[in-house]
Structures are given as C-alpha cells and as structure tokens.
Amino acid sequence: MDGDRFPPSLRKVITDVLKQQPEKKIMCGIVGGVSNTNVIPILIDGLERLEYRGYDSAGVAAVTPEGISCLRRLGKIEVLREALEENPMSALAGIVHTRWATHGKPSEKNAHPHVSQAAIAVVHNGIIENHVALRAVLREKAYEFSSDTDTEVIAHLVNEQWKGGGSLLSAVQNAVQELEGAYSIAVISKNDPENIVAVRMKSPLVIGIGKNGNFVASDVSALISITNQFVYLEDGDVADIYQAHFVVYDKTGKKVERPIKVSDLSPEDVSRGGFLHFMQKEIHEQPDAVSRVLDGRVKDGKVLIEEAFGNKAAKIFARTEAVQIIACGTSHYSSLVARYWMEMESLADIPCHVDVASEWRYRNPRLHSRTLYVFISQSGETADTLACLNMVKEGKPEAHTITICNVPESSMTREAELTFLTKAGAEIGVASTKAFTTQLAALMLLTLALGRTRGMTAKKEAEVIVSLLTVPEKLREALLLDGELRLLAPGFGKKEHALYLGRGSEYPIALEGSLKMKEISYIHAEGYPAGELKHGPLALVNEEMPVIAVAPNDVLVEKLQSNLKEVRARNGQLFIFASPDVKIDLDEGTTVIALPRVDELVAPIVYVVPLQLLAYHVAVARGNNVDQPRNLAKSVTVE
Ligand code: F6R
C-alpha cells in the first residue's frame, strides 16, 4: 500500500504495522449463491462437501427481510446446522464459510462471515497482507473491529464505499483496490436481497451455473450436486451474480466472457461410496486411478508423448538438459522416487534435482533455460509450489515448465506451459494416497519421454511400459493385505514412535509411509535411509520401538538385511514389508508382510499401499478423525 495516500499522522503507524505479520489462514471454504428458492440449505450442503479441507468454525450470512442475518459457530458444520434449526434463516441470497485458522484463535468472533455495521457481510479465503494498516485507517473513520481477523477490514472497506451510494458491485470493485495479498471473497449487502458479488485474487473461486440459481464456491466439489457447469474466474475478476444471470468483470473493470466448462466430476466422486472414510475409499481406488494415468498415453511399448504431455512436449524434452522438480509434502516424496528413475543411466540419464517448494523459493536458485522445471501437486493450488512456478516464469521466461497435477483448471495447470493430468479423481481425505501413486506413474512416463531423447533404447522403454501396465493388478494384490494389516493395528496403535527404513527408491516410500502414519495416527514416525541407521537413529531403538522396513528384492537387499540385524540386536520390533523373494531370518520379534512380486523399477508404486493401509488402520484403532486429521487442511493455499 502506498503510505502517501494517508494523512501524515498515520504514515508512521502504517510503516510500523506493515512490519507485523498478518493472520494466516489455510484453505477456508467458501460457498455463496442466489436462488429462486431458499438458498440456505443449498449453501450448507455445499459447505459440507468442502469439509475435507479442514476447519475449526463455520458461519452463514444472508439477506433476509430484517436485513443481514448472520450465524457463526465454533466447531463442526453440524453445530451450525443445529443453530440454524433453532434460528431458522430463509433468503434468496447468502454466503457461508468454513474457517481454518493458523494464527488468531479459532473462536466464534473470528469465524466468518464478518459483518460491517449490519449492512455488509463478507466471507474470505486467503490473506490480506496490509490488513493492519487498513485497520488503522478504518479505525480513524470510526469503524469498530470485533475480531482478530484480516477479513474484517474487507467488510468495512466495502461498507465505506457502499455508504457513498452506488451498487454493491462498484463498492466491491473500489474496495479491492485497497487490498494486498491473496483473497477470494463473496459479499452481500442488506439492500440487495438477490445479489452477491464475488472476487478472485490468487485464491481459487468458481461460479456454478445451476437450474435455479447461480453460485460461487472455493471448488467445484461444493456445487457438483446442483450443476456440472462452471466458470473459472481469473485473478482480479469480479463477478456480479444474480439468480438468472451473472456478469464477470476483469481487473481493469472491463466486462469479460469466461468460458463455461463442464466438469466430469460426479456426486459419487465426492461421496464415501460404502467405505468408512474417504481415505479408505481412495486407497482402494488406486488400481483404477493408475490405469487412468496410462490409458491413451502408452501404446505398443511407447509413451505417446503428444497425447500425454501436449503437442509442444517433444520439442521441449529434446532441448532439456536437466530436470528440477519442486513440490511439497507427499508430492515431494513422489519427486524423490522420480529422481532415482530420472538419473538411471538406462532410463533418462539426466541430472535431476528435487526440492521442497518452501525452501527452493527462498534460496535464490539460479535458473537455467535448458532445465525443465516440474511442479507436482495434487491440488494445483499449493501456495509455495505455485510461487516457485511463477518465479521460474518471471525469472527465466525461456525455461520450460510442466505441472503434474490432479485438478484440471487449477492455478498450476493454468500457469504451467505443459500439463500432465493425473486423473486420480477427487481426493477428499486430507492424507494423500491415490494422488501419490498416480504421480509416480506419471513421473515414470515423463522419465521415459525424456529418456527417448537421450539414448534410452526402445527395448528398455517397452520393458518399462510392460512393467507399468502390470501395476494396477499388483495394486489389487497389495490391497488384499488389508485384513492382515488391520490385525497389526491395535498393537501398533499403542506405540508413540516408529522408525521407517528403506533403501534406494524405497527410501522415499519409507518417508511417505512415515508421513501417512504421523499425520493421521499422530504417532511420531520418522523415515530414514536404512544406511543412516547407525549414524544416529539407532540410539532410539529399543524393545518399545517398532521399525518398519520396506524391502524389495533388489541389489540393496543384503545391505538392508544387515541394517535390520542391527535393529534386532537392540530388541527393536521389526515389521518387514518384503517381496516374497527376499530371504529373512525370522525370530519372534520380526513380522514379515509379504508384498506382491513386482518389477523392482515400479515397485515403489505398489509398495507404498500397505504402508497407507497400516497408517489408516492404526488411525482408526486410535479413534482419530482419519479424513480430517487435527491441525491439517487438504490444500495449503497460503504460505
Ligand atoms: C500429505 C499431504 C500433503 C500434501 C502437500 C502438497 O498426505 O497430503 O503433504 O501432499 O500439502 O499438496 P499438493 O500435492 O496439493 O500440492
């Protein structure tokens, strides 16, 4: 914000407060709409479909004959529903929200919507970076603040503009000029019972075109039961929404037509379909999901480069001299597996660097025009990964970028030059499962596509494709371990720590297995390359410490065996997930889980599944909320 626009007395305040950190929020959920019937039940249903994002409070505001009605509750949407039963609300236009706070307490006063002087109500997802400065200015104008959030400034700013006369649309358009940061918002006013105004800026928002009205939501899953027609807003777009029509204006205020896209998501995709949890359903969907990655993208022992990666891909791959993969969390672990593949002499034989997005973006990386920058993300919205993608585009426009992503029309698929869609279907469980295995299959196709330009033999390509095509069946076999792993869960569930070991491309699988365990069971679990055991973590091993080892039948297995002996010598309890060909010395402290026999190269795609199942059953045994683990949100759209 330009401090010169404010009176001198305020400039120092502004400079000081700008140094403070704004409240940070991760993936709140927004739904809003205007309908020809009572919109409230539609909005609450939509909000429930966004529950997977994780949240701590929920709220609703609507334009009723009495003016703006607003109800907010700490806790689950269920609590808000109960409050609505006691205080029924009926309106044609309304907005609802789930809030997930990282800074600023989860509380009713901080829950959205935020209302300014009973005239304007706002829901918001994102961060207003200059909210402290704006607060100071608005206080001078006698606005009172009743929350600790950055969002409340938006309500007051819109109100300040709106009080001057004019439409809600122009009030919002003017107000957002003052905002810095990332925000998607939906706004209602007491004088407009059939209108909402919504804005997208660096935080996703779609318009859903329904039979009985028009809606907005943070993502399509919220609205999929009422429509499959969506308009994806661009950054800076302001949408003026009515029951029978809507108009979109771009950031310059010009009326624009954004294309209507038909989503192939179905209401079943966002339901549990007979499973106890979304995560369980998604683990079991992996054979089909991996088949979809390969369908139409390989033929006669070859990767169909154009079909898989787009028509510019072959040229781009031919000039690529190195690969830099950037991702977060589970997507980062799939990249670590890919590094083994990319650098193999018999495959792509290409230098491959892998970094966590939040680290890479702040270490001033040198950008190279002949490096292919690969951004991996289930959601396509992860703020750090997206920021890295934009950094490459701005810093080295001639470099090429590709995203491997599960969500069409996400920010990353729009920003990257090439897109490979993993087609895993909606992943609702916070803990990523099918996104991981589909990313691995995609990364193997990318490895082969790059390999083809770098001397990989046609025979090798064909062999790897044969192995890849066996993966869906091998995944089905791995899922048969479900019952056996469920039996291990109660004992495992009593532990507070666990060590995961792997070697070679199974090392990232150990990391991913330990991440699954910690995020849903809350057991402290660490992944290590097995060879590192005696360099430190062995000190932790005693009879209380379960050690999980992933042991494929490859050249490293003998070395892994000696690592495992070190564990048994300290009375550590060993759980070895091993290929049937691995010979293991059995004793009463060793449990062996026999994995499907599968080609070593693609084994990581299959061997992660039993680790997902183990984490799942342990979390269930501990009575945890599997799909919405504490403190976590599905998609991290702010830094
Ligand atoms: C873990 C998990 C997270 C995500 C990470 C990146 O189970 O889900 O670690 O993998 O937040 O998210 P995406 O892939 O959407 O960029």
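Strands (E, at least two residues) and helices (H or I, at least four) are DSSP runs numbered from the N terminus. The model is predicted: local features need pLDDT of at least 70, side-chain atom pairs count only at pLDDT 80 or more, and totals for chains, interfaces and linings use all residues. Residues are numbered from 1 along each chain as its sequence is written, and side-chain values use heavy atoms, with hydrogens and water left out.

- S9 pairs with strand S10 (residues 213-217) in the antiparallel sense over four bridges; two strands pair if DSSP finds at least two bridges between them.

- In strand S7 (residues 181-189), nine of nine residues are buried.
- Gly181, Tyr183, Ile185, Val187 and Ser189 point one way from S7, whereas Ala182, Ser184, Ala186 and Ile188 point the other way.
- Strand S6 (residues 120-128) runs antiparallel to S7 and is joined to S7 by nine bridges, with Val122 as the bridge partner of Val187.
- Strand S8 (residues 196-201) is also antiparallel to S7, through five bridges; Val197 of S8 stands opposite Val187.
- A hairpin of six residues leads from S7 to S8.

**Nonpolar cores**

- The largest nonpolar core has 92 residues, of which Phe309, Phe317, Trp341 and Leu446 touch the most other members. Such a core is a set of buried Ala, Val, Leu, Ile, Met, Phe, Trp, Tyr and Cys residues joined through side-chain atoms within 4.5 Å.
- Helix H20 (residues 603-621) gives the most to this core, namely 13 residues.
- Domain 2 (278-478) and domain 3 (482-621) each supply at least three residues to this core.
- Leaving aside residues up to four places away in sequence, Phe309 touches Val303, Phe317, Ile402, Leu418, Thr419, Phe420, Leu445, Leu446 and Ala449; contact means heavy atoms within 4.5 Å.
- A second, separate core has 34 residues, including Val31, Leu71, Tyr232 and Phe278.

**Domains and overall form**

- The chain is divided into domain 1 (26-200), domain 2 (278-478) and domain 3 (482-621), with bounds from an automatic or database domain assignment.
- The centres of domain 1 and domain 2, taken over C-alpha atoms, are 38 Å apart.
- The chain contains 20 helices and 27 strands.
- The radius of gyration is 26 Å, which agrees with the value near 26 Å for a compact globule of 639 residues; the radius is taken over C-alpha atoms, and the globule rule is 2.2 Å times the number of residues to the power 0.38.
- Along the principal axes, the C-alpha atoms fill a box of roughly 80 × 55 × 50 Å.
- Of the 639 residues in the chain, 61% are buried.
- Among contacts between residues at least 6 apart in sequence, 73% join residues at least 24 apart.

Definitions and conventions:
Buried means under 20% relative accessible area, exposed over 50%, partly exposed in between (1.4 Å probe, protein chains only).
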